[in-house]
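Good morning, and thank you for making time for this presentation.

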Amino acid sequence: MKLMYFHLMPYMDLPEDFAEKHESVWVDVDSKLFDPRKAHHMYHDFISELEHADAVGFDAICVNEHHSNAYGMMPSPNLLASTLARSTKDAAICVMGNSLALYNPPTRVAEEFAMLDCLSGGRLIAGFPVGTPMDTCYAYGQNPSQLRQRYHEAHDLIMRTWTETEPFAFNGRFNQQRYVNPWPRPLQAPHPPVWIPGGGAVETWRWCADVDYVYAYLSYYGYLAGQATMRGFWEEMENLGKEPNPFRAAFLQFVGVAETEQEALDLYREPAEYFYNRSLKVSPKYVAPPGYMTEATLRARAQSQVAKLAGQTSGADAAGAGAAKIEGGGGPPSFEEMVEKGFVVIGSPDQVAEKLTTAIKDLHFGNLMVLLQYGNMKRDLATYNTDMFAKHVRPQIEGIFEDEWEHHWWPKPMPVAERATEDRS
Amino acid sequence: MSDSTNSNGLKISTVIVNGAEHRVWEKGSGKALGFLPGLGGRPRWLPLFDALSEHYRVIVPSLPGFPGADPSHLSIDDNSDWICACLDLIEEAGLTGADMIGACLGGSLLADIAAHSPKSVGRLALIAPFGLYRNAEPLPDFFAQIFPEQKKLLCHREGAFDEAFAAPEDSNDKEEWDILRYRGMEAAARYLWPFGDRGLEKRLHRITQDTLLVWGKEDRIIPPSYAQAFAEGIAGTTQIELIDKAGHLADVDQPDAVEKVLLEYFNV
């Protein structure tokens with residue numbers, strides 16, 4: 001089992017009445033609410049939290065990309081990954097990821113990921129998201145009808161950039177470059193493992209199977225809501241004749257651990273409420289620009305009950321559709337609902353380990369991306385949560401699948417003895 | 001090309017553009033008068049078309065990806081692709097050199113066709129065309145709206161939208177119609193995203209045709225003041241007609257009033 005420490009880097013100081021007074025946390029979020037002096041401290045705390053996760057033995061630390069978003073302050077995850085590549089030494093660095101169609105030329109992704117792979121000594125996991133509608137179509141103005149065509153062309157260009165050994169010319173529909181010749185090249189050969197974060201689109205599942213990438217379902221609604229999507233994924237893998245190796249799937253889960261269940265409920269109520277009630281206030285009008293969801297996915301949804309169920313929780317985007325669902329469903333969830341429905345796994349170490357074991361086995365994923373800082377959770381509580389998880393939960397779940405399956409999609413770094421050794425104390 | 005004619009005398013044929021099928025409606029006799037539809041396409045033969053067909057041979061082609069056409073918009077990448085596809089469509093539909101009406105995004109396509117290929121079209125009537133975006137009077141984001149809001153933005157008259165955009169008469173599969181409608185919105189987004197400015201302002205001076213600009217006074221998508229900007233840029237003689245109680249889809253909202261200004265204009 002790979003245990004991966006995921007950070008969203010949320011702005012932690014949205015006003016209490018944010019949900020009543022503001023329409024959306026994303027795209028047209030009120031920029032007057034942003035205080036750069038507070039953000040200075042938030043960024044430093046978040047980086048420290050990721051470094052701490054490495055120190056206490058998480059297998060990976062994860063950053064991601066969002067734009068015009070008050071729950072995700074990483075327009076450029078590569079900047080964060082860069083500093084983490086220096087300050088950490090063991091954990092894989094998972095950039096989840098770069099929205100390929102937003103980079104012009106897309107070879108920029110090939111270059112920066114190659115830099116990160118060199119700098120980290122081959123610890124990079126390269127995430128290639130299409131990106132949410134909010135990030136790509138609204139904040140970055142990409143045409144929703146062209147987004148996936150541009151994404152796939154960018155992917156092909158990046159792969160050729162990483163694997164061809166001579167300079168080449170690229171004559172694509174959307175990109176033309178006379179000289180493609182990356183310098184640096186990635187350290188991992190032929191390239192870092194590629195992971196694809198996605199919602200419940202059947203095409204994404206098929207494509208992941210086709211090119212042998214990891215599929216990461218990044219839902220904010222937990223393992224109970226995620227069952228339909230993951231079941232759909234594994235059914236599709238079976239249809240395609242792929243072995244059910246759990247390491248080809250990753251799943252995101254919010255977790256809060258304390259000595260006792262009551263203590264956990266008391267400690268994590270506020271940050272969970274902050275996240276689900278303020279951070280996830282996404283206006284439904286941004287969730288489904290025409291063309292973002294392909295006609296093929298629409299048709300598949302209409303025909304497949306499993307995919308239809310999955311669509312209810314994933315939609316065009318895990319966050320957006322979920323938010324739209326909350327909007328349409330009579331207001332935000334109560335903390336009790338969040339716990340009951342498994343959005344957040346809360347409890348004593350044994351309770352959390354038991355629920356996660358159930359989730360891991362039911363949904364059948366070998367890479368658990370765990371969110372231990374969320375909402376307005378301060379650094380001391382985030383550190384406590386991280387330590388409790390690392391010390392008391394991790395030993396109970398880290399062995400799952402280890403003897404049964406081989407992980408073919410994990411970074412292969414340089415031997416530690418061969419890496420740069422300057423004093424990092 | 002396959003033809004059929006229904007009991008109302010409406011001829012339905014199919015032409016091939018970019019290897020894909022596009023429906024062409026035709027009714028009436030005499031001089032040809034073309035109509036390029038806008039947002040949503042025109043899934044139903046409308047009262048306005050009937051009224052015009054008493055005086056003209058009215059020809060209404062479906063634009064790529066819109067109701068009545070294959071999803072050929074997916075092979076269209078930039079503005080010149082759109083212009084070429086529409087020029088092909090105009091030729092295939094027998095509209096070369098004909099007087100033409102273009103509504104909404106059909107209006108900006110028609111204006112750009114006239115700028116690129118003046119001999120392909122005759123006199124123009126543009127009903128609230130897209131194509132310009134002025135910082136002083138920005139357009140609202142039509143796409144970032146939930147569906148009930150979009151309906152309100154498009155039409156002023158209560159019920160007008162539902163009349164014009166109900167499932168076509170020959171459709172009995174609601175799920176399929178929902179998908180085709182979605183496809184049409186995707187095609188519109190492919191051409192317009194984010195707000196329809198494809199540099200037309202730089203080419204307006206190449207439009208030497210006489211041009212009628214028709215605008216709903218209650219247009220909530222493109223303010224009627226944009227009519228003046230088009231009139232100032234177009235080299236040909238221009239005339240502006242504002243329609244009472246009409247929104248962006250003025251031809252759907254107030255077909256009688258729009259018919260009147262169109263007939264007066266084209267009959268001159």
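Let me begin with burial: a residue is buried if 20 or more other C-beta atoms, placed from the backbone, lie within 10 Å of its own, exposed if 12 or fewer do, and partly exposed in between. Helices (H or I, at least four residues) and strands (E, at least two) are DSSP runs, numbered from the N terminus. The model is predicted, with pLDDT of at least 70 needed for local features and 80 or more for side-chain atom pairs, while totals for chains, interfaces and linings use all residues. Residues are numbered from 1 along each chain as its sequence is written, and chains are lettered from A and ligands numbered from 1 in the order in which they are written.

I start with helix α15 of chain A, residues 349-363. Its 15 residues reach 21 Å from first C-alpha to last, close to the 21 Å expected at 1.5 Å a residue, where the expected span is 1.5 Å times one less than the number of residues. Which residues of α15(A) are buried? They are A:Pro349, A:Val352, A:Ala353, A:Lys355, A:Leu356, A:Ala359, A:Ile360 and A:Leu363. Their cover includes α9 (227-239), β9 (249-257) and α16 (379-397) of chain A. Just after α15(A), A:His364 takes a positive phi of about 60 degrees.

Helix α16(A) also packs with helix α2 (residues 36-55) of chain A, at an angle of about 15 degrees and with the axes 10 Å apart. Axes are lines fitted to C-alpha atoms, for helices over the stretch in contact, and angles run from 0 to 180 degrees between N-to-C directions. The pair is therefore roughly parallel; angles under 35 degrees count as roughly parallel, over 145 as roughly antiparallel, 65 to 115 as roughly perpendicular and the rest as oblique.

I turn now to the two chains. The contact between them takes 17 residues from chain A and 17 residues from chain B, two residues being in contact if their C-beta atoms, placed from the backbone, lie within 7 Å. On the side of chain A, helix α11 (residues 295-303) gives the most, with 4 residues.

How do α11(A) and helix α6 (residues 174-192) of chain B pack, and at what angle? The angle is about 165 degrees, with the axes 11 Å apart, and the two helices are therefore roughly antiparallel. In this pair, A:Glu295, A:Leu298, A:Arg299 and A:Ala302 meet B:Glu175, B:Ile179, B:Tyr182 and B:Arg183.
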